[in-house]
Amino acid sequence: MAKPILYGSEMSPAVRAVFLTAAAIDLDYEFKEINVQTGENKSEEFLKKNPQHTIPTLEDNGKIIWDSHAIITFLVGKYAKDDSLYPKDLYTKAVVDQRLHFESSVLSIKIRAVTNALKQDNPEATQQSKEALYEVYGFLEKFLANGPCMVGNSLTVADFSILSSLSSVNLIVPVDAAKFPKLAEWLGRMEKLPFYSKANGIGLKKVAQFIEKLKAAIADKK
Ligand SMILES: N[C@@H](CCC(=O)N[C@@H](CS)C(=O)NCC(=O)O)C(=O)O
């Protein structure tokens with residue numbers, strides 16, 4: 001059977017959620033770089049695979065799946081040695097799903113608002129979007145009330161999905177340990193995962209460089 005192919009770019013948090021999951025399950029896969037800055041995701045060839053032109057996109061045995069949340073749960077179901085990262089127990093699975101939907105429909109939306117306000121150099125919108133993000137940090141702090149992971153005591157794909165996004169926005173709106181002690185501690189613990197650096201840290205460094213360039217370009221315009 002051919003290896004699964006992952007299309008993406010390491011700067012993308014959604015792609016890094018797949019890197020983290022793939023590393024955790026020791027998946028043998030091929031990575032194909034898709035540069036969204038140059039519009040590679042809108043090429044005819046890529047649009048045939050994913051008309052929504054988003055990364056990550058996975059090709060598994062000729063079948064296409066996109067959206068990181070669908071990809072990571074699929075990979076665990078198909079390739080992991082056991083179901084611990086995406087438990088089959090219906091209640092636990094529902095809580096993992098809730099966290100994944102939270103990342104998709106709340107956290108990543110608030111992150112987009114912060115980055116857009118920053119790009120537009122709009123101080124009022126920046127302040128408002130930061131406050132909305134602090135509310136989200138508060139929700140995440142509560143998710144950690146029942147154990148050291150996003151769902152109780154065991155690592156799941158919910159940790160990977162939230163980690164790749166949160167570590168990115170943490171570069172712009174740091175998680176204050178005084179206000180969000182459990183969340184700050186969780187971030188620190190996740191950074192110690194043996195595969196963290198390769199799966200998330202390298203891409204994150206590129207994001208940090210991108211943010212610095214953006215800030216310099218904004219400052220130059222003034
Ligand atoms: N909810 C999606 C988000 C995917 C997404 O928006 N990816 C961005 C990169 S981080 C992208 O592909 N942007 C290019 C585009 O939408 O054309 C997921 O988790 O996969």
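The residues of the shell around the ligand comprise five nonpolar, seven polar and one charged. In this division, Ala, Val, Leu, Ile, Met, Phe, Trp, Tyr, Cys and Pro count as nonpolar, Asp, Glu, Lys and Arg as charged, and the others, Gly among them, as polar. The structure is a predicted model, in which local features need pLDDT of at least 70 and side-chain atom pairs count only at pLDDT 80 or more, while totals for chains, interfaces and linings use all residues. Residues are numbered from 1 along each chain as its sequence is written.

**Ligand shell.** The ligand is surrounded by 13 residues, and the closest are S12, A14, T54, D67 and S68. A residue is near a molecule if its C-beta atom, placed from the backbone, lies within 6 Å of it. At least two residues of the shell come from each of α1 (13–24) and α3 (68–79). Helices (H or I, at least four residues) and strands (E, at least two) are DSSP runs, numbered from the N terminus.

**Helix α5.** At 1.5 Å a residue, the 21 residues of helix α5 (residues 123–143) should span 30 Å, and the end C-alpha atoms are 30 Å apart, which agrees. The expected span is 1.5 Å times one less than the number of residues in the helix. Within α5, the residues T126, S129, L133, Y137, L140 and F143 are buried. They cover an arc of only 100° around the axis, which puts them on the same side of α5; the arc is that of the directions from the helix axis to the C-beta atoms. A residue is buried if 20 or more other C-beta atoms lie within 10 Å of its own, exposed if 12 or fewer, and partly exposed in between, with C-beta atoms placed from the backbone. On the other side of α5, the exposed residues are E124, Q127, E131, E135, G138, F139 and K142. The buried residues of α5 pack against α4 (90–119), α6 (157–169) and α7 (181–190).

E141 is also found in helix α5. This residue counts as partly exposed because it has 17 C-beta neighbours inside 10 Å. Apart from its neighbours within four places in sequence, E141 is in contact with F180, K182 and L183; a contact requires that the C-beta atoms of two residues, placed from the backbone, lie within 7 Å. The C-alpha atoms of E141 and V95 are separated by 15 Å, and these residues are 46 residues apart along the chain.

**Backbone geometry in loops.** Most residues other than glycine have a negative phi, and most peptide bonds are trans. The peptide bond from I55 to P56 is cis, with omega near 5°, and P56 is found in the loop between α2 (44–49) and β3 (57–60). D26 is not a glycine, yet has a positive phi of about 60°. D26 is placed in the loop between α1 and β2 (30–33) and counts as exposed, with 10 C-beta neighbours inside 10 Å. D121, another residue other than glycine, has a positive phi near 50°. The loop between α4 and α5 contains D121, which is partly exposed, with 15 other C-beta atoms within 10 Å.
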